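Subject: Structure handover and findings

Dear colleague,

Please find below the structure I am passing on to you. A summary of what was found in it comes after.

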Amino acid sequence: MDRRLALKQLAWITGGVILIPSCDFTQESVLEAYEKLQVTASQRETLNQVTNTIFPGVKLKKGEEVDLPDFVLIMANDCLPESEQEQFLKGLKSFDAFSKKEFGKTFEKMDSSESAEAYRGIMAMEAEENSDLASTKNFLAITKRFALQGYLTSEYYLTEIMPYKMIPGGFKGSKLVSELERINPNG
Amino acid sequence: MANLNIQHKKENTFDAIVIGSGMSGGWAAKELTEKGLKTLVLERGKSVEHIKDYPTTNLNPWEFEHRGNINEDIRKENPVISRCYAFREDAQHFFVKDTEHPYIQDKPFDWIRGYQTGGKSLLWARQVQRWSDFDFEGPARDGFAVDWPIRYKDLAPWYSHVEKFVGVSGNLDGLPNLPDGEFLPAMELTAVEKYFKTHVGENYPGRDIVIGRCAHITGNEEYYAKQGRAICQHRALCQRGCPFGGYFSSNSSTLPWAMNTGNLTLQNNAVVHSIIYDEQKGRATGVLVIDALTLETTEYYADIIFLNASALNSNLVLLNSKSSRFPDGLGNDNGLLGKFVAFHNYRAGISGEYEGLAEYTTEGKRPNGGYIPRFRNVEKQETGFLRGYAAGFSGSRSIITDHSDIGENLENSLLTPKFGTWRVGSHMMGETIPKEESRVSLDPNQKDAWGMPQLKVSIDYDQNDEAMITDYLEQMTEMFESAGFKNIRTRDDKRAPGLDIHEMGGARMGHDPKTSILNKWNQVHACPNVYVTDGACMTSTSTQNPSLTYMAMAARSVDHAIRESKS
């Protein structure tokens with residue numbers, strides 16, 4: 001908690017970025033909060049497009065409104081085994097190019113139903129082991145896993161949609177199901 | 001100089017010293033201080049004060065940076081503790097990491113430890129089933145280990161004494177193999193658990209499902225208010241430490257109670273090197289302590305010493321307490337110290353679904369579960385293996401949300417969860433047989449960060465355990481099928497011993513000093529002012545969760561020590 005806060009504060013002071021030179025002589029800023037990932041702001045934006053595709057904000061809040069991109073990056077940075085982290089990064093860093101090649105444009109240029117179809121299309125493709133497609137699919141699967149985890153445990157979901165009760169106060173072992181009552185998995 | 005030494009010795013002299021502040025050490029401290037003895041409790045770990053030092057206790061799920069997960073770096077460096085079910089983001093600060101206190105695994109053994117005030121009593125699963133004479137008479141009847149020097153009648157009043165104070169929720173089930181105790185109102189079985197109980201009762205004589213007896217306050221509020229504890233709120237977040245004191249821990253109960261007597265001195269960061277034996281006096285005179293932070297050593301003195309450092313660490317302290325009288329460790333005249341260690345076999349489990357009772361669900365949370373008392377070989381030997389197993393049994397109504405798609409479909413399904421079947425599950429808790437080759441010893445070379453020898457652990461399953469796993473899975477599968485449960489899956493997770501966190505023995509009780517380390521009062525045969533009343537004392541393991549028995553033994557032994565000192 002404290003480390004992230006400190007990094008966030010530092011990021012705010014420094015404008016959120018540090019500069020590192022990259023091989024192609026362009027300079028792209030690396031988001032310092034995710035020290036193992038070395039992702040840039042535009043890669044974070046690519047991830048944002050994916051999490052907004054998973055949660056497009058039709059009936060519920062959109063992915064970005066519950067900070068999903070940052071949560072996915074925190075989890076990918078801190079909680080993924082190295083091999084999965086590699087797959088995640090490989091897929092993320094080549095995702096725009098992959099999307100352009102397959103669909104003629106990036107997710108950013110698609111509306112939410114187009115990007116959803118593209119997402120489903122990729123996941124339905126047969127991938128050979130160690131192929132670019134395989135890491136793209138792994139990237140999407142990992143992102144989906146963390147996006148779902150982040151969404152279902154977000155303050156928004158646990159207070160407004162399926163309220164969580166920290167203090168239930170008791171337990172009933174046999175309660176008649178009521179047709180009228182909304183089913184709340186956190187209730 | 002001589003005056004200074006006398007002064008120092010006086011300051012460091014107490015009526016009693018308790019090594020360890022966990023489940024059983026806390027009880028020893030409470031009983032000793034209540035009887036007016038100035039008592040020093042030595043705790044090797046950090047200070048954890050009730051409520052004040054429960055940093056995660058009131059956090060909401062979204063306030064955890066990783067929503068419960070453990071960082072990969074920590075998992076990789078600490079594979080043993082990472083296998084523990086409760087080592088999660090909300091309670092990780094209460095567990096010892098592998099790297100902090102290394103030990104040597106001659107055979108795979110997951111040693112789960114909690115070094116802090118209260119020890120593992122902060123983290124335990126809170127199940128408190130009594131033993132019966134079917135358990136105490138096991139070794140003598142079945143010809144393994146040595147005969148227990150005590151029987152149920154010796155411990156029964158102390159079970160009651162402990163239960164009243166800790167608060168035990170349970171049902172008066174009237175079962176000879178699981179004696180009733182001093183119970184507060186029971187928690188409820190769920191609809192499917194009740195159904196299974198009825199079905200098993202009608203079809204399998206001698207088998208029963210009861211609600212677990214658990215150390216939670218469910219009534220008699222005024223009495224527990226005196227301890228500063230309140231009724232359990234069913235948060236089921238116990239492992240974080242409970243701000244209500246709803247479940248029993250040393251931190252919420254025995255230690256503050258002992259502190260209120262004015263007779264308790266609690267010292268943290270105190271790693272016990274050894275118990276000091278005085279040959280002239282023929283008794284232990286004190287304890288040598290290493291400061292965990294500065295590594296300075298200090299001696300403390302007392303006439304009564306209680307060793308409650310946790311099963312394996314108590315073995316380590318005894319083995320390391322060498323003198324010319326006891327060159328192989330305190331009380332180890334027969335060379336059996338550290339041997340005949342055993343545990344509970346938790347390897348197997350089963351799950352299934354029940355399509356009936358669709359009109360019911362549950363409400364709220366239950367920090368407890370159903371319990372199947374041992375039904376194998378209870379009255380007499382009747383299977384190809386010795387002893388038997390108890391089992392957990394729990395069932396709850398599932399709620400299904402389809403997470404398979406993305407986009408609007410996913411949002412829609414999150415808004416419309418549906419009731420699924422009842423999900424039922426069970427896990428075994430098998431008695432294992434203590435054997436001479438199941439042992440812990442001191443490594444002659446490797447030391448830990450405090451300069452103590454590392455413990456070498458050599459404990460394994462045997463054919464009896466394998467046969468018991470097979471039988472558990474067969475019997476439970478048959479009972480599940482007969483009850484109409486569907487989609488039955490069995491598992492043997494092949495976990496290493498230790499992950500049950502029920503390791504026991506090494507300094508077993510017995511009648512005969514030639515074949516045991518402790519007598520019927522938990523005194524070291526050859527050094528009777530040292531009492532060992534934690535898991536190290538256990539002659540056999542039976543199937544019940546052992547903490548209640550340790551607490552009862554601690555209280556009983558204090559009573560004995562005080563009667564001895566008066567006579």
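The notes below cover a helix pair, a sheet and a group of aromatic rings.

This is a predicted model, in which local features need pLDDT of at least 70 and side-chain atom pairs count only at pLDDT 80 or more, while totals for chains, interfaces and linings use all residues. Residues are numbered from 1 along each chain as its sequence is written, chains are lettered from A and ligands numbered from 1 in the order in which they are written, and side-chain values use heavy atoms, without hydrogens and water.

Helix pair in chain A

Helix α2 (residues 41–54) of chain A packs against helix α7 (residues 132–152) of chain A at an angle of about 65°, and their axes are 10 Å apart. Helices here are DSSP runs of H or I with at least four residues, and strands are runs of E with at least two. Axes are lines fitted to C-alpha atoms, for helices over the stretch in contact, and angles run from 0 to 180 degrees between N-to-C directions. On the α2(A) side, A:Leu47, A:Val50, A:Thr51 and A:Ile54 meet A:Phe139, A:Leu140, A:Thr143, A:Lys144 and A:Ala147 of α7(A) (contact means heavy atoms within 4.5 Å). The residues of this contact comprise 6 nonpolar, 2 polar and 1 charged (Ala, Val, Leu, Ile, Met, Phe, Trp, Tyr, Cys and Pro count as nonpolar, Asp, Glu, Lys and Arg as charged, and the others, Gly among them, as polar).

Sheet in chain B

Chain B holds an open sheet of 3 strands in the order β6-β7-β8, with antiparallel pairing (two strands pair if DSSP finds at least two bridges between them). Its edge strands are β6 (270–278) and β8 (297–301) of chain B, each pairing on one side only. From one strand to the next, the twist averages 30°. Between β6(B) and β7(B) (residues 283–291) there are 8 bridges; B:Asp278 has B:Arg283 in β7(B) as its bridge partner.

Aromatic rings

Over all chains, 29 aromatic pairs are found (rings of Phe, Tyr and Trp, the last by its six-membered ring, pair if their centres lie within 6.5 Å; planes under 30 degrees apart count as stacked, over 60 as edge-to-face and the rest as tilted). B:Phe393 and B:Phe480 are edge-to-face because their ring centres are 5.9 Å apart and their planes are at 80°. This pair links distant parts of the chain, 87 residues apart: B:Phe393 lies in strand β15 (residues 389–400) of chain B and B:Phe480 in helix α13 (residues 463–482) of chain B. B:Phe480 and B:Phe485 also form an edge-to-face pair, since their centres are 5.0 Å apart with planes at 85°. B:Tyr195, B:Phe196, B:Tyr354, B:Phe393, B:Phe480 and B:Phe485 form one aromatic cluster.

Yours sincerely
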